[in-house]
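Here are some friendly notes for a colleague opening this structure for the first time. Keep the viewer open as you read, and take the points in order.

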Amino acid sequence: MNVIIFGPPGAGKGTQALHIAKKLKLYQISTGDLLRNEVKNKTTIGKDIEDIISKGDFATDEIVNELIKEVLFDENKKNKLIFDGYPRSLSQAKNLELLLSKSHQKIDFIFFLNVKKETIIKRIEKRKILEKRSDDNLGTILKRYDTYMETTKPVLDFYSKKQNFYEINGDEKIDEISTKIEQILSV
Ligand code: AMP
């Protein structure tokens with residue numbers, strides 16, 4: 001099974017993706033984590049994107065698509081993927097369709113965690129204290145929300161027409177959201 005979870009920053013994508021990954025033994029593919037790893041390991045990509053990520057801007061589609069390509073053609077991970085934070089732009093969504101078809105895979109479930117701006121601000125303020133992420137300050141949060149609205153809205157329009165698209169109220173408690181997702185996945 002392959003699953004996509006998407007929604008604005010702070011919608012709980014990571015939390016829910018981790019939960020489903022554990023339950024269904026899937027690989028959680030977080031492009032945010034992949035990119036942060038590049039920065040941590042001081043790779044060429046890492047050095048290029050460090051400032052971009054800290055400011056709350058998006059890494060280029062080329063960089064992210066390349067990281068995702070490796071994952072899709074990894075025989076161990078095929079058909080066991082849960083995408084968290086990818087695709088984030090229409091170009092990434094189209095690239096994913098192409099890579100899926102080339103690697104003979106499909107997406108079985110698409111979840112959109114819809115959440116109010118106030119909820120996001122509260123959650124990210126909390127996460128800032130817990131995870132100490134360099135991009136978790138109020139200015140960056142609002143910037144990331146606006147970037148999301150601009151760039152990811154077309155992704156929502158693209159996926160919402162599909163039959164296996166499910167919108168979930170991301171303002172609810174973590175457990176309630178997990179239960180709803182599990183019901184849809186029938187697990
Ligand atoms: P996240 O951990 O998903 O909140 O992502 C943290 C940051 O990594 C984002 O604010 C972007 O700067 C970058 N990022 C993560 N995923 C993507 C993506 N699919 N495309 C471009 N930038 C991304």
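This is a predicted model: local features need pLDDT of at least 70, side-chain atom pairs count only at pLDDT 80 or more; totals for chains, interfaces and linings use all residues.

1. Five strands form an open sheet in the order β2-β3-β1-β4-β5, and their pairing is parallel. At the edges are β2 (27-30) and β5 (165-169), each of which pairs on one side only. From one strand to the next, the twist averages 20 degrees.

2. Strand β2 pairs with β3 (residues 81-84) in the parallel sense, over four bridges. If you want a landmark there, find I29, which stands opposite F83 in β3.

3. Two helices that lie across the strands deserve a look. Helix α4 (residues 61-72) lies across β2 and β3, and its direction is at about 165 degrees to β3. Helix α7 (residues 138-159) lies across β1 (3-6), β4 (109-114) and β5, running at about 140 degrees to β1.

4. How do α2 and α3 pack, and at what angle? Helix α2 (residues 31-40) meets helix α3 (residues 44-55) at about 115 degrees, and their axes are 7 Å apart. Their crossing is left-handed. On the α2 side the contact involves L35, E38 and V39, while α3 brings I45, G46, I49, E50 and I53. Sorted by class, this contact has five nonpolar residues, one polar residue and two charged ones.

5. The structure holds one cavity of 30 Å³ or more. The space in the largest cavity is about 40 Å³. Which residues line the largest cavity? They are F6, G7, K13, G85, P87, R88, Y148 and T152. By class, that lining has three nonpolar, three polar and two charged residues.

6. The peptide bond leading from Y86 to P87 is cis, with omega near -5 degrees. You will find P87 in the loop between β3 and α5 (90-102).

7. K25 is in the loop between α1 (13-24) and β2, and β2 is one of the edge strands from point 2.

Conventions. Residues are numbered from 1 along each chain as its sequence is written. Side-chain values use heavy atoms; hydrogens and water are left out. Two strands pair if DSSP finds at least two bridges between them. Axes are lines fitted to C-alpha atoms, for helices over the stretch in contact, and angles run from 0 to 180 degrees between N-to-C directions. Contact means heavy atoms within 4.5 Å. A crossing is left-handed if the near helix is turned anticlockwise from the far one by less than a right angle, and right-handed if clockwise. Ala, Val, Leu, Ile, Met, Phe, Trp, Tyr, Cys and Pro count as nonpolar, Asp, Glu, Lys and Arg as charged, and the others, Gly among them, as polar. On a 1 Å grid over the protein atoms alone, a cavity is a set of points where a 1.4 Å probe fits but cannot get out, and a pocket is an open set with protein on both sides within 12 Å along at least five of seven lines; lining residues have an atom within 4 Å of a point. Grid points are joined across faces, edges and corners, and a volume is the space filled by probe spheres set on the points.
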